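Please take a moment with the structure shown below before reading on. The briefing that follows is meant for someone who is meeting it for the first time.

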Amino acid sequence: MSDHLTPGHRLLLEFVDLPQLIEGVPGDADLINAGLNSGDLIRLALALEERTGTPLDDDELGALHTLDGINQVLVSREAAELTDAAETTPAAATASGEAR
Amino acid sequence: MWMAHFVKRNRLLRPDRLALTDPNHRLTWREFDERTDALATALLERGVEKGQRIAVSSRSRVEVLELYVAGGKAGVVVCPINPSFPAPEVEHIVRNVEPVGVFSEQQVFDRLGDAFGDGWRVPIGSEEYEEMAATKARELPLPRQDDIFAILHTSATTGHAKGVAVTHRSVSACYTAMAAEVGFSADDVMVNPCPLFHGSVVIGLALFASGGALVLEPEFTPQRWLADVAEFKATKTFLVPSMARFVLRTKAFANADLSSLKDIMFGGAPMPQELLRECLEKFPAPMRSIYGITEGGGPIATHLFRRGEWPFDAEGTVLPTAGRMLPGYHIEVQDDSGNVVPTGDVGEICVRGDGMMLLYWRNTEATAKTVRDGWLRTGDVGYADEDGFLYLVDRCNDVLIRGGQNVYPAEIERVLATQPGVLDVAVVGVPDDEWGEVPVAFVAAGDEPPTVAALIGACARELASYKRPTAVHFVDEIPRNGAGKLLRRVLRDRLAAEARAAEAAKAEAARATGPATARDDKVTAGTGGGGACSGA
């Protein structure tokens with residue numbers, strides 16, 4: 001797969017039985033209507049939970065029906081991880097003189 | 001009669017209690033009875049006559065059950081259609097049942113265009129629908145128990161789905177059995193994550209008839225299932241094994257409140273014993289196998305599995321029983337001639353009782369093959385022990401079950417065989433950790449072989465997503481016997497041998513960490529295909 005694929009697209013490719021199905025699918029298209037099995041999206045959701053260690057909420061689950069939505073979930077989760085990391089390490093960072 | 005009767009009775013007994021809910025609606029028994037009376041009247045005022053068919057194609061939502069019951073009250077036959085079907089599958093069902101009208105969600109109408117035929121169309125949830133549900137109701141004659149209530153389409157050996165005609169009597173038989181054996185009562189709340197076009201709908205209807213409340217989920221997600229069980233303090237649920245596996249894997253499981261659950265029913269596909277063991281360990285309720293078949297009226301046998309109790313042997317291995325016959329569903333193991341085989345001998349599982357389908361809609365030949373001398377031949381091969389416990393060992397047709405949905409290879413082969421460059425084709429079911437089984441295609445191609453994308457594209461256009469092959473293997477020749485009969489076993493064995501070789505290589509590579517020894521026995525609580533051994 002080429003580099004122009006979005007992170008959501010690349011992630012989804014790991015979980016669909018048939019990658020051909022999502023070639024050329026627009027970002028806002030419903031993936032089930034595009035031919036994906038609902039099970040593919042469940043596996044994707046579980047993988048996202050596994051990656052971040054926290055359950056997906058209803059809004060996030062609903063967003064997984066489009067490639068744009070998957071990207072949004074990935075972006076917001078990465079942002080949350082960065083925030084969590086920043087909140088959990090200030091003492092160490094300050095001690096080393098890196099936090100300003 | 002039944003569909004009208006049980007709603008009226010529950011309205012009289014518990015008018016203000018919750019009957020039915022989905023994410024957007026909550027209806028009491030009084031409201032449900034009134035709306036379905038109105039819808040039944042509205043159907044007749046549209047000119048729909050008793051015995052005519054209406055199609056309902058939607059995700060699970062309150063209106064779908066309203067239409068089931070309204071149709072039942074009006075004597076109109078309801079034909080559910082999977083809303084994710086592609087146009088050719090819908091067109092086949094529409095040709096078969098010729099619905100005078102269709103209820104569906106607007107986005108399904110938008111997608112499927114004219115596949116629904118020439119009848120009128122009413123979008124579910126639209127103003128038009130709500131006007132129908134507010135029609136001034138009039139007293140309607142009670143349908144008879146042997147009137148057809150619904151036609152449920154199942155995958156078939158012929159390559160095209162068959163319509164299973166289910167009567168009011170059949171649905172009431174399921175209620176009687178489940179109330180008696182499983183203890184369905186008015187105090188129950190059941191979370192139903194399965195689609196209402198699936199054969200398992202009769203289990204939800206049975207609990208509903210008992211006066212319990214039904215919680216519908218538009219689509220299954222493990223997170224939503226956990227939330228609904230907690231929110232509604234569900235006492236019962238029904239999961240196919242793949243769903244149970246997903247529930248156990250989701251992060252929300254660790255903190256979920258499942259303490260209200262009394263009975264977790266499972267079926268639709270064989271349950272791997274390791275998964276059953278994990279379910280018993282992690283769920284706070286026993287697991288109940290439901291062995292059933294759409295043509296038999298749904299569940300026909302059951303067994304309640306409790307942690308540490310029989311049927312586990314001394315080593316903790318599950319004895320893979322499908323359970324014992326439910327009341328009203330008499331089961332025998334018969335040979336091809338219809339004779340009962342001795343206890344412990346292998347034969348075809350056959351059932352008779354009020355739950356049996358009336359017939360395959362407009363398919364006399366298939367009906368004659370499947371119903372013989374009053375017995376419904378399930379197509380499942382197995383044996384019974386001295387205590388009546390059933391054990392399934394094989395199928396006498398080619399059906400494979402993916403995530404609780406029956407798939408006949410012939411349906412997929414029919415599509416692939418027409419693609420340019422394909423000389424011969426065969427599809428087999430192969431074991432899969434998540435789905436139980438998945439279809440895999442073997443294609444013998446000519447000088448200009450088709451691409452995998454072209455083959456998959458054809459399947460995507462013509463078949464439901466769960467019927468698409470998960471892999472395509474190109475081979476020189478499809479194995480057939482002298483009479484031209486496809487030798488699927490040869491292909492299955494070839495795949496199994498390749499899988500074993502790969503496993504051996506993996507084990508060799510991981511020798512330092514020790515080999516895996518998990519067994520792969522399955523608790524056979526699936527649904528059979530409904531074919532006849534000697535005829536299919």
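This is a predicted model: local features need pLDDT of at least 70, side-chain atom pairs count only at pLDDT 80 or more; totals for chains, interfaces and linings use all residues.

**Buried residues, contacts and salt bridges**

D380(B) has a relative accessibility of 3%, which means that this residue counts as buried.

**Around D380(B)**

- D380(B) belongs to strand β21 of chain B, which covers residues 375-384.
- The side chain of D380(B) is joined to the side chain of Y291(B) by a polar contact of 2.8 Å.

**T41(B) and its surroundings**

- T41(B) is part of helix α2 of chain B, residues 29-45, and T41(B) counts as buried because its relative accessibility is 0%.
- A polar atom in the side chain of T41(B) lies 2.9 Å from the backbone oxygen of D37(B).
- When neighbours within four places in sequence are left aside, the residues in contact with T41(B) are T135(B), K136(B), A137(B), R138(B) and L140(B).
- Between T41(B) and D433(B) there are 48 Å in space, C-alpha to C-alpha, and the two residues are 392 residues apart in sequence.

**A largely enclosed helix**

- Helix α13 of chain B, residues 409-417, has nine residues of which seven are buried, so the helix is largely enclosed by the rest of the structure.
- The buried residues in α13(B) are P409(B), A410(B), E411(B), I412(B), E413(B), V415(B) and L416(B).

**Salt bridges within chain B**

- Over all chains, the structure holds 37 salt bridges.
- One salt bridge is formed by R11(B) and D33(B), whose closest N and O atoms are 2.8 Å apart.
- Because R11(B) lies in helix α1 (residues 2-13) of chain B and D33(B) in helix α2 of chain B, this pair ties together parts that are 22 residues apart in sequence.
- D33(B), with a relative accessible area of 0%, is buried.
- A network of salt bridges links K8(B), R11(B), D33(B), E34(B), D37(B) and K73(B).
- E365(B) and K369(B) also meet through their side chains in a salt bridge, at 3.8 Å from N to O.
- E365(B) and K369(B) are four residues apart in helix α12 (residues 364-370) of chain B, so about one helical turn separates them.
- E365(B) is exposed, with a relative accessible area of 57%, whereas K369(B) is partly exposed, with a relative accessible area of 33%.

**Where two domains of chain B meet**

- Chain B is divided into domain 1, residues 1-143, and domain 2, residues 400-478, and the contact between them takes five residues from domain 1 and eight residues from domain 2.
- The C-alpha centres of these two domains of chain B lie 35 Å apart.
- About 450 Å² is buried between domain 1 and domain 2 of chain B, with carbon and sulfur atoms giving 47% of this area.
- P86(B), P88(B) and E89(B) supply 70% of the area that domain 1 of chain B buries against domain 2, which is more than any other three residues supply.
- There is one salt bridge between domain 1 and domain 2 of chain B, and the side chains of K467(B) and E89(B) meet in a salt bridge at 2.7 Å, N to O.
- The side of domain 1 of chain B that touches domain 2 has three nonpolar, one polar and one charged residues.

**Where chain B meets chain A**

- The contact between the chains takes 24 residues from chain B and 22 residues from chain A.
- The area buried between chain B and chain A is about 1900 Å², and carbon and sulfur atoms give 59% of this area.
- The residues of chain B that lose the most area to chain A are Q223(B), K251(B) and R468(B), which together account for 29% of what that side buries.
- Three salt bridges are found across the interface of chain B and chain A, and a salt bridge joins D58(A) and R224(B), whose closest N and O atoms are 2.3 Å apart.
- Six residue pairs are in polar contact across the interface of chain B and chain A.
- On the side of chain B that touches chain A, α9 (222-232), α10 (241-249) and α14 (452-462) each supply at least two residues, and α14(B) gives the most, with four residues.
- By class, this side of chain B has eleven nonpolar, five polar and eight charged residues.
- D58(A) is partly exposed, with a relative accessible area of 46%, and R224(B) also counts as partly exposed, at 22% relative accessibility.

Definitions and conventions. Residues are numbered from 1 along each chain as its sequence is written. Chains are lettered from A and ligands numbered from 1 in the order in which they are written. Side-chain values use heavy atoms; hydrogens and water are left out. Domain bounds come from an automatic or database domain assignment. Contact means heavy atoms within 4.5 Å. Buried area is the accessible area (1.4 Å probe) that two parts lose on being put together, summed over both. A salt bridge is a side-chain nitrogen of Lys or Arg within 4 Å of a carboxyl oxygen of Asp or Glu. Ala, Val, Leu, Ile, Met, Phe, Trp, Tyr, Cys and Pro count as nonpolar, Asp, Glu, Lys and Arg as charged, and the others, Gly among them, as polar. A polar contact is a pair of N or O atoms within 3.5 Å; within protein, one must be able to donate a hydrogen and the other to accept it, and residues adjacent in sequence count only if both atoms are side-chain atoms. Buried means under 20% relative accessible area, exposed over 50%, partly exposed in between (1.4 Å probe, protein chains only).
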